[in-house]
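Subject: Structure handover

Hello,

Here is the structure I promised to pass on. My notes follow below it. Please read them with the model open.

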Amino acid sequence: MIINSRFFNRSELLGFLALAVLLLLILPLSLDIFRLNLVAKYLTYAFVGIGLVLCWGYGGILSLGQGVFFGLGGYCMAMYLKLEASSVANTKIQSTPGIPDFMDWNQLTQIPLFWKPFHSFPVTVLAILLVPAFFALIIGAAMFKRRVGGVYFAIITQAIAAILTILIVGQQGYTGGINGITDLRTLHGWDIRTDHAKFILYFVEVVLLFGCIVAAQFIRLTKLGRILVAMREQEDRVRFSGYSVANFKIFAFCAAAVFAAIGGAMFTLEVGFMSPSFVGIVPSIEMVIYTAVGGRMSIFGAVWGALLVNFAKTSLSESFPQLWLFGLGALFIAVVLAFPNGLSGIWADRVQPRIDRLLASRKSKSAPGLVADGAPAE
Amino acid sequence: MSDETKPGLKSPLRRKLLMGMAALPAVSMLGRPAFADVPATSAVNTTGLAVTDSEVTVGILHSVTGTMAISETGSVEAEKLAIEQINAAGGVLGRKIKFIQEDGASDWPTFAEKAKKLLVNDKCAAVMGCWTSASRKAVLPVFEQYNGMLYYPTFYEGLEQSKNVIYTGQEATQQIIAGLDWVNKTKGAKSFYLLGSDYIWPRTSNKIARKHIEGHLQGCKVVGEEYFPLGSTQFNSVINKIKLTKPDVIYAIIVGGSNVAFYKQLKAAGIDLSKQTLLTISVTEDEIDGIGGENIAGAYACMKYFQSLDNANNKAFVPAFKKMWGEKTVIGDVTQAAYLGPWLWKLTVEKAGSFDIDKIAAASPGVEFKGAPEGYVRIHENHHLWSKTRVGRAKADGQYELIYETADLVEPDPFPKGYQ
C-alpha cells in the first residue's frame with residue numbers, strides 16, 4: 001500500500017486549483033448576480049455530495065436519506081432567520097404580533113419551547129452542526145450496531161426521509177407545514193436579500209466548500225479513510241482484525257450528515273426559504289444522483305456533478321419547459337450505463353492519461369489519477 | 001428597451017423623431033387612424049421593463065411537469081388564450097404581448113428561481129402564475145423585492161395581501177360563508193363534518209367554516225374535523241365515523257388525486273350523495289375529470305365559476321377555449337380565474353397609462369372587467385376581486401348545474417375579523 005506523502009497528489013492539486021479558479025475568479029467575473037446566486041444554490045448540493053463520497057464511495061454505506069440532514073441544517077438556519085424576521089414591528093397585522101406568521105395562522109399564541117434557542121446566532125450555528133450529527137449518531141448506532149447494512153440501510157434511511165417529511169407537513173403550526181418557512185429577511189440585522197449580500201454569501205459558501213473538501217480529503221488520507229475502504233471491500237476481515245466496524249461506519253455517516261447540514265444551512269441563506277420538499281425521498285435520491293454523475297469515488301467529482309447536473313436542469317427547463325425532465329433522465333441513464341464511475345471516471349480514464357503524456361511526466365507511475373486512490377480495483 | 005431615450009438626446013435627428021412621436025397622440029385626436037395612437041415607450045415604461053415600441057413581455061409561471069401539472073395546465077391554456085385574444089384586439093397600449101413561459105416543476109424553490117429569472121433577466125412587465133399556496137409563498141418575497149406584478153388565479157386561504165399581487169381567485173371567506181349560509185337555509189343543515197387535506201388552505205378554510213358554523217348559524221355544530229396527508233388514499237376509517245355520526249353535511253376540502261379515492265370509497269361504502277348532502281370547495285370540473293362524474297354526481301360545490309354558466313361572456317369563452325385546446329378540455333374555476341389575469345392587467349395598464357409596476361398597483365383598485373366569463377368582476381382596494389359566489393350540483397356527465405348564486409358581488413376580506 002502506497003501512502004501519499006503529500007496531502008494532494010499532482011492531479012488532485014490540479015483539480016483543486018481548477019475548481020478554485022472557476023469558483024473564485026471565472027464565475028464571479030463572468031456571471032450576473034442572478035446566475036451567480038443560482039451557482040451558489042447548486043453548490044449547496046456539493047456539500048451533500050462530498051459527504052456521500054465519504055460515506056457511500058469510500059465507506060460503501062448508501063444513504064438515501066441525506067435530505068433529512070440537509071433539511072435539518074436548513075431548518076435550523078431558517079428558524080433563526082424567521083424569528084429575526086418576525087419582530088413585533090414586522091408582524092403588526094397578526095392577531096399575536098411577534099411570532100412567525102404561520103404560527104399565528106395556526107392559532108399559536110406563543111413561540112414553542114424548541115424554537116426558543118434559535119433566538120441566538122451562536123446556538124443556531126452549533127445546532128446546525130450538532131443536531132444532524134446527533135440524529136445521525138442515533139440512526140447509525142441503531143443500525144450499524146445491529147449490523148444492518150447495504151440495501152436495508154438504504155431503505156431505512158429512505159423511510160426516515162419520508163417520516164420526517166410527514167412530520168414537518170403535519171405539524172404545520174410548529175414547522176410551517178408544506179409551505180415551509182418563507183419570507184426570511186435578515187441575518188443578524190444584515191439584509192440577505194440584496195445583490196451585495198448574495199455576492200458575499202457566494203464567497204462565504206465557496207470558502208466553506210473548500211474547507212469541507214480539505215476536511216474530506218484529510219479523512220480520506222488518514223488511517224481512518226483506509227479502514228473505510230477496507231470495510232467496504234471486506235467487512236468481515238476488518239472486523240476479525242479487531243476493528244469496531246460499527247463505530248467507523250457511524251463516524252462516516254455522521255460526517256456525511258454534518259456536511260449535508262452545512263449545505264442545507266447555506267441553501268436557506270442563498271434561496272431565502274426552507275421547505276419539506278428538500279427533506280423527502282425525491283430530493284434525497286437526487287442528491288445521490290449528483291454524486292453518481294460526478295463520480296462517487298471523487299470528492300471533486302461530487303462538486304462537478306452537483307454543478308453540472310443542476311446547471312443542466314436549469315438550462316434545459318428554460319429552453320424546453322415541457323420536455324426537460326426526459327432530457328435529464330436520458331442524461332442520467334447515459335452516464336450511469338456508459339460511465340459507472342461518473343464524470344471523474346471519464347476524466348481519470350480518458351483525459352488524465354493524455355495530460356500526463358503531454359506533460360511527459362517521468363514519474364508517471366506515481367500519478368494515480370482522481371479515482372485510483374480509493375477505487376475498488378486497488 | 002430605452003432605445004430612443006439614451007442616444008436620442010445626442011442625435012438631433014432622433015430628437016426630432018422623438019418629438020414627433022410625442023406629438024402623435026395629439027395628431028390622432030385630429031382623426032388619424034387608431035394605430036398611430038401608441039404612446040412613446042419612454043413615457044409608459046420608466047423602470048426598464050421589457051417594453052418596446054411594438055411589444056411587451058410577460059411571464060407565465062406554472063408547473064407543466066410534476067404532480068401539479070394536471071391542475072396547472074388549464075391555467076396555462078387560459079392565459080395563452082387571453083393573451084392571443086388581447087393581441088388580436090390590438091394588444092396593450094398598442095403593443096403586442098409576447099410571453100415567456102417557465103416551468104415551476106411542482107417544486108417551490110424552482111418557482112422562486114424562475115420568478116427571479118422572469119423579473120431580473122427577462123424584465124417581465126407582469127407574471128401570470130403559481131397555483132398552490134406554497135408556490136405563491138415561495139415567490140412572494142421575490143416579487144416584493146424586485147417589484148414585479150403577479151396575477152395569481154387560485155382560490156386560497158387569504159391572510160395575505162401584497163402590493164405586488166392581484167388575486168384573481170376567491171379568498172376563503174368569499175367561498176365559504178355564502179355556501180354555508182345557503183346549505184343551512186335551504187337544506188336546514190345543523191351538523192357538519194369537516195374534512196381536509198393537511199396543509200394551510202384546507203386548515204384555514206375549515207377554521208373559518210367552524211367559526212361561522214358555531215358563531216353565526218343558529219343551533220349548528222361541528223361534529224368532526226379530520227385531515228389527511230396530501231396524496232392520501234385511505235378514507236375508510238373516516239367514512240365509518242361519518243356513518244356513525246350521521247352529519248347533515250359533509251364539508252370536504254380534499255385536494256388533488258386524493259379526491260379520486262375519497263369519492264370512490266364514499267360510493268363503495270353506500271353513502272348516496274343524492275341523499276347525503278356533501279359540500280366541497282375543492283372539486284372543480286378538472287378534478288371531476290379524474291374522479292369520474294358517476295362517482296360524485298349529486299355533490300354540491302361552492303365556488304365562483306362553473307363551465308355551464310349561462311351568460312353571454314361564457315358562451316363566447318367556452319367555445320374559444322375548446323377551439324384552441326381541443327373539444328375534450330374542461331374548464332374549472334381556477335382556469336377561468338387564470339383567464340382573467342392578462343385581461344385585468346391590460347385594463348389596469350390602460351387605466352394607468354403606464355406599464356410601471358407602482359402605477360399599476362395604484363391603479364388596480366376599481367378596475368372592472370365586464371367580459372369575464374363568470375360575469376362582472378372588479379378589483380378591490382386589497383387587490384382581491386369582488387365576485388359572486390355560486391353553488392353547483394355535480395352531474396354524471398362531469399358538469400355542474402348551477403343551483404344558487406349570491407345576488408350581489410361578495411366583498412373579498414383576506415383578514416376576516418372574528419374568523420381568525
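In chain B, β8, helix α10 (residues 258–268) and β9 make a right-handed β-α-β unit. Right-handed here means that, with the strands pointing away from the viewer, the path from the first strand over the helix to the second runs clockwise. Helices (H or I, at least four residues) and strands (E, at least two) are DSSP runs, numbered from the N terminus.

This is a predicted model: local features need pLDDT of at least 70, side-chain atom pairs count only at pLDDT 80 or more, and totals for chains, interfaces and linings use all residues. Residues are numbered from 1 along each chain as its sequence is written, while chains are lettered from A and ligands numbered from 1 in the order in which they are written.

Around β9

Strand β8 (residues 249–253) of chain B runs parallel to β9(B), and four bridges join them. Two strands count as paired if DSSP finds at least two bridges between them. Y251(B) has L279(B) as its bridge partner in β9(B). A252(B) is partnered by T280(B) in that strand. β9(B) also runs parallel to strand β10 (residues 300–303) of chain B, through two bridges. There, T280(B) stands opposite A301(B).

Strand β9 (residues 277–280) of chain B is covered on both faces. T277(B) and L279(B) are buried on one side, L278(B) and T280(B) on the other. Buried means that 20 or more other C-beta atoms lie within 10 Å of the residue's own, with C-beta atoms placed from the backbone; 12 or fewer is exposed, and in between is partly exposed.

β8, β9 and β10 of chain B belong to an open sheet of seven strands, in the order β7-β6-β8-β9-β10-β14-β15. Its pairing is mixed. Twist from one strand to the next averages 25°. For these angles, axes are lines fitted to C-alpha atoms (for helices over the stretch in contact), and values run from 0 to 180 degrees between N-to-C directions.

Chain B also has an open sheet of five strands, ordered β2-β1-β3-β4-β5, with parallel pairing. Its edges are β2 and β5 (165–167) of chain B. Neighbouring strands are turned by 25° against each other on average, direction ignored. Inside this sheet, β3 (residues 127–129) and β4 (residues 150–152) of chain B pair over two bridges. V127(B) stands opposite L150(B) in β4(B).

Chain B overall

The chain has 15 helices and 15 strands. Its radius of gyration is 23 Å, close to the 22 Å that the globule rule gives for 420 residues, so chain B is as compact as a globular protein of that length. The radius is taken over C-alpha atoms; the rule is 2.2 Å times the number of residues to the power 0.38. The C-alpha trace spans about 85 × 40 × 40 Å along its principal axes. Buried residues make up 51% of the 420.

Contact with chain A

The contact takes 31 residues from chain B and 26 residues from chain A. Two residues are in contact if their C-beta atoms, placed from the backbone, lie within 7 Å. On the chain B side, β2 (96–103), α5 (108–121), α6 (133–145) and α8 (200–216) are the elements giving two or more residues. α5(B) gives the most, with eight residues.

Best wishes
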